[in-house]
Amino acid sequence: MDQIISPALDQDFIASENAALTAGVEEDYDALGRALDRRGIDIEAITRAVAAFAVAAPSWAVGSGGTRFARFPMGGEPRNIFDKLEDCAVVNRLAGATPTVSLHFPWDEVDDYKGLTEFAGALGLGFDVVNSNTFQDHPGNALHPLSYKYGSLSHTDPAVRAQAVAHNIHCAELAAKIGAPALTIWLGDGSNFPGQSNFTRAFERYIDSVTTVYAAVPGGFKLFLEHKMYEPAFYSTVIQDWGSSLLAAQAVGDNCLCLVDLGHHAPNVNIEMIVARLVHAGKLAGFHFNDSKYGDDDLDAGAIEPYRLFLVFNELVDAEYRKAPGFAPSYMLDQSHNVTDPIESLMTSAVEVQRAYAQALLVDRAALEGFQDANDPMMASQTLKRAFTTDVQPILAMARLRKDAAIDPVGAYRASGYRSAVTRIRPAKAGGSGGIV
Ligand code: LRH
Ligand code: MN
């Protein structure tokens, strides 16, 4: 592996970057601590919870993303999973919140998974939920001779379904090799014209296929079903919404759960209520965090609708507070960085997800329940807003400082010269036509 000449991972460099900022953080932290104490909140308890909070980085998002129109690569594009892990290590080292990486197969396939796990371990990284891919063809890949143009696990042709089933079982085997706890199955299966697909038969073929995968994976290994309203299919999608996902997960088995990608809903859908329903059903797998204004824009988490992200975490903290049975969601980012340095976006997004969690921890749940039971909408709303409008920046910065991460991750990253260092050693990738990755 080429040696990257950058102090981005070096403790002394990070400490030197923090030196000028530490006194300010401590002063702000103490002031916030006093203010929270007057609200009966122990800032140290919040900071410990925030420091323990982690969200997985998506291996496929450290390279520049694109749209169907174009992709504009920057310098130092990762060439393979090893480059991607080095970039993920910088995200984790500086922002201190992404100790695991979510892999995508076959994009991240290698010959030696023990070697890959050791390589990641040496960078301070582990592996999180993996992802299968039957939403594009894989020319030259002997495991995928048949096309997924008209679907995969729900395809009308049993041979294509069998190929897609085999791929998902293979991904579960790879997950076991790297210690990943689950497999996320997202499909592009659907239709572009009314009449093109029989909704019921397609759904039943899908359930039958996932049930075959479920029967083949080790006991305890989880399958996460990811719903999406549209794209690449533009009329119907087999797992189009949380209802379809829940019905399928309930049909498949106890370890089959429903993953919520924030961008996979129509604008203005009440995602926080979907979260509450999936928690109620004991079927919440976890999240692909990102943000969006219109479609599956895969923008940086918290960049467009931070209050919505807060309201999602308000439901998650409420579930923790109620000790909801089987509540153990997996947190992952799933974004496409078309105009920013992906490392800066992933660090910033991890911090924004942490921010929403910290704010949700500040909600006075006993008071909120009282106002809800007393039908006092104004005070109930104000109770949430008070938590959301509390500037928790000192808590986030203190949590990073105590983890030897960077108080200002983007500032430290830019000062490290990492991007120009990788640009020097990784051959430039030509720009080109579309595609998110
Ligand atoms: C589909 C999706 C899915 C991934 C892909 C990269 O839109 O959210 O989770 O497999 O993006
Ligand atoms: Mn996703």
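**Close-up views of a predicted model**

**View 1. The manganese site.** Glu226 (OE), Asp261 (OD), His288 (ND1) and Asp334 (OD) coordinate the manganese ion (ligand 2) at 2.1 to 2.2 Å. Donors are N, O and S atoms within 2.8 Å of the metal (3.2 Å for Na, K and Ca); water is not among the atoms, so sites may look incomplete. The site of the manganese ion (ligand 2) is octahedral, with angles of 72 to 170° among its six donor atoms. Six donors count as octahedral if opposite donors are over 155 degrees apart and all others between 65 and 115. This is a predicted model: local features need pLDDT of at least 70, and side-chain atom pairs count only at pLDDT 80 or more. Residues are numbered from 1 along each chain as its sequence is written, and ligands from 1 in the order in which they are written.

**View 2. Spacing of the manganese donors.** Along the chain, the donors follow E-x34-D-x26-H-x45-D. Glu226 lies in strand β7 (residues 222-226), and Asp334 in the loop between β11 (330-333) and α10, 108 residues apart. Strands (E, at least two residues) and helices (H or I, at least four) are DSSP runs, numbered from the N terminus. Glu226 counts as buried because its relative accessibility is 6%. Buried means under 20% relative accessible area (1.4 Å probe, protein chains only).

**View 3. The largest nonpolar core.** This core has 120 residues. Tyr206, Phe287, Phe289 and Phe313 have the most contacts inside it. A nonpolar core joins buried Ala, Val, Leu, Ile, Met, Phe, Trp, Tyr and Cys residues through side-chain atoms within 4.5 Å. Helix α10 (residues 342-361) gives the most to this core, with ten residues.

Terms used. Heavy atoms only, no water. Buried < 20%, exposed > 50% of the residue type's maximum accessible area, 1.4 Å probe, protein only. Tetrahedral: all angles 85-135°; square planar, octahedral: opposite > 155°, others 65-115°.
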